[in-house]
Amino acid sequence: MTIAHRPPAVHPHGRIHLVVPKRPGADFDLVRAKLEGAFAAHAHDVVWHVPDQRGDIVELAYQAVRDAQADGGLVVAAGGDGTINAVAAAALREAVPMGVIPMGTFNYFSREHGLALDPEIAVQDMLHAMERSDMRPVQVGFVNERMFVVNAAVGLYPRLLAEREMASKRFGRSRMVAILSAVWSMFRPAGGRRWRVIMRTHEGAQAQQEEHLVTTLFVGNNPLQLGRMGLTQAQSVADGGQLGVVLLQPQDRWSVARTVWNAATGQLARDSAVVSMACAEMTVAPASWRPAQVKVAFDGEREWMAPPLRFRVHDKPLWLVTRTTLDRDSSAAPQPEQEPDHVAAEPEAPAIVPLPALGGAMAAG
């Protein structure tokens, strides 16, 4: 990834353009009250951008970014990884910085980048960074023309996301609902598909071609998530310029239980049904019959795309308004068992959550 020049600094006391979704199973009034309370003690005008429909958030995010760019303010995603994705895609396209207030189920993006999970602390930290013009470059990935900040996948993963949304509408949005929904989906029969995979490990490397029969093909851009699965590719992603790839082969129910256990205990790398690797670019397509479109999940959202699918690290970073360094930046390897600043008091997400095939349990925002 090429580190581009920093985008124009935001005005230290500029407007906050806040993008907040209405999520199934979530109490929007409660979310709004938390955010209003968090901003109450600070001298910033807050402009609310709230979509009427779930599908409106992409266009709304672009409008919020354009408004922030016009008045020298800051566009802020207040939600989970899906909301962050919508705002980040617009911010990347317009080359403007953005802020994040974690309000999702598991908040993998926010945890990886050391953001406080308490709204009041998150707002305070973000505004402090805004006043100092502090920002940090963040690697993003693309699948065809869609950006992802945490992960993207095909196969079983999109189905799990749909089933999780149904469970959230019925039982409310919580970690336990997400986990139980994903586990239930995992033990249902799932057919595999043979994919032709062409990848380059790094820029300039010779392309390698293989075929794999898998139920899920998962591409990760989040070292914390990969590290909690026990995958060594977490370090490659943390170093920059590469994505982590996980291929899950078809299994019977007893073998699925073993894979779930290995994910829960951070030992997925030793699972015989799992193939993992790191690459800078990967193109995949069905190896035999080629459908006109396949369903792709990215950061909890879902979309039909025409194969082949090209996964890659983008050559320009997203600029995140936050302190300029991470505590783990000086360490030799990711330490997923340690939480970032302000997060130690938060309840730990069970290690079962990051299993690629359990992707439906991850934050969608």
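These notebook entries record what I looked up in the structure above.

**Entry 1. Ground rules**

I noted that the model is predicted, that local features need pLDDT of at least 70 and side-chain atom pairs pLDDT 80 or more, while totals for chains, interfaces and linings use all residues. I also noted that residues are numbered from 1 along each chain as its sequence is written, and that side-chain values use heavy atoms, with hydrogens and water left out.

**Entry 2. The chain as a whole**

I found 10 helices and 18 strands in the protein chain; these are DSSP runs numbered from the N terminus, helices being H or I of at least four residues and strands E of at least two. Of the 365 residues, 55% are buried. I took buried as under 20% relative accessible area, exposed as over 50% and partly exposed as in between, with a 1.4 Å probe and protein chains only.

I then looked up the accessible surface, which comes to about 15600 Å² for the protein chain, 51% of it belonging to carbon and sulfur atoms. Such areas come from the Shrake-Rupley method with a 1.4 Å probe, and for residues only the protein chains shown count as cover.

Contacts, meaning heavy atoms within 4.5 Å, came next. Among contacts with a separation of 6 or more, 77% join residues 24 or more positions apart.

**Entry 3. Nonpolar cores**

Which residues have the most contacts inside the largest nonpolar core? I found Val-75, Met-98, Phe-109 and Val-149, in a core of 32 residues. The elements α2 (57–71), β3 (74–79), α3 (81–94), β4 (98–102), α4 (108–112) and β18 (318–320) each supply at least two of its residues. Helix α3 gives the largest share, seven residues. For the term itself, I used a set of buried Ala, Val, Leu, Ile, Met, Phe, Trp, Tyr and Cys residues joined through side-chain atoms within 4.5 Å.

I followed Phe-109 further. Leaving aside neighbours within four places in sequence, Phe-109 is in contact with Asp-81, Ile-84, Val-100, Val-138, Val-149, Val-150, Asn-222 and Leu-320. A second, separate core has 24 residues, including Ala-152, Val-154, Met-199 and Val-294. As background, nonpolar side chains tend to be buried together in soluble globular proteins.

**Entry 4. A six-stranded sheet**

I traced an open sheet with antiparallel pairing, in the order β13-β12-β11-β8-β15-β16. Strands β13 (274–279) and β16 (301–305) stand at its edges with a single partner strand each, so one side of each lacks a neighbour in the sheet. On average, neighbouring strands are turned by 20° against each other, direction ignored. The axes are lines fitted to C-alpha atoms, for helices over the stretch in contact, and angles run from 0 to 180 degrees between N-to-C directions.

Within this sheet I examined β8 (residues 151–155) and β11 (residues 216–220), which pair in the antiparallel sense over five bridges. Two strands count as paired if DSSP finds at least two bridges between them. Ala-152, a member of the second core, has Val-219 in β11 as its bridge partner.

**Entry 5. Salt bridges**

How many salt bridges does the structure hold? I recorded seven, each a side-chain nitrogen of Lys or Arg within 4 Å of a carboxyl oxygen of Asp or Glu.

- Arg-32 and Glu-36 have their closest N and O atoms 3.0 Å apart. Both lie in helix α1 (residues 28–39), four residues apart, about one turn of the helix. Arg-32 is partly exposed at 29%, as is Glu-36 at 41%.
- Arg-66 and Glu-59 meet at 3.1 Å, N to O.
- Arg-196 and Glu-211 have their closest N and O atoms 3.4 Å apart. Arg-196 lies in strand β9 (residues 193–200) and Glu-211 in strand β10 (residues 208–214), so the pair ties together parts 15 residues apart in sequence.

**Entry 6. Backbone exceptions**

Most residues other than glycine have a negative phi, and most peptide bonds are trans. I therefore listed the following cases.

- Pro-307 and Pro-308 are joined by a cis peptide bond with omega about 5°. Pro-308 is placed in the loop between β16 and β17 (309–313).
- Asn-144 has a positive phi, near 50°, and is found in the loop between β6 (141–143) and β7 (146–148). Asn-144 counts as buried at 18% relative accessibility.
- Asp-299 has a positive phi of about 50° and lies in the loop between β15 (294–298) and β16. Asp-299 is buried, with a relative accessible area of 1%.
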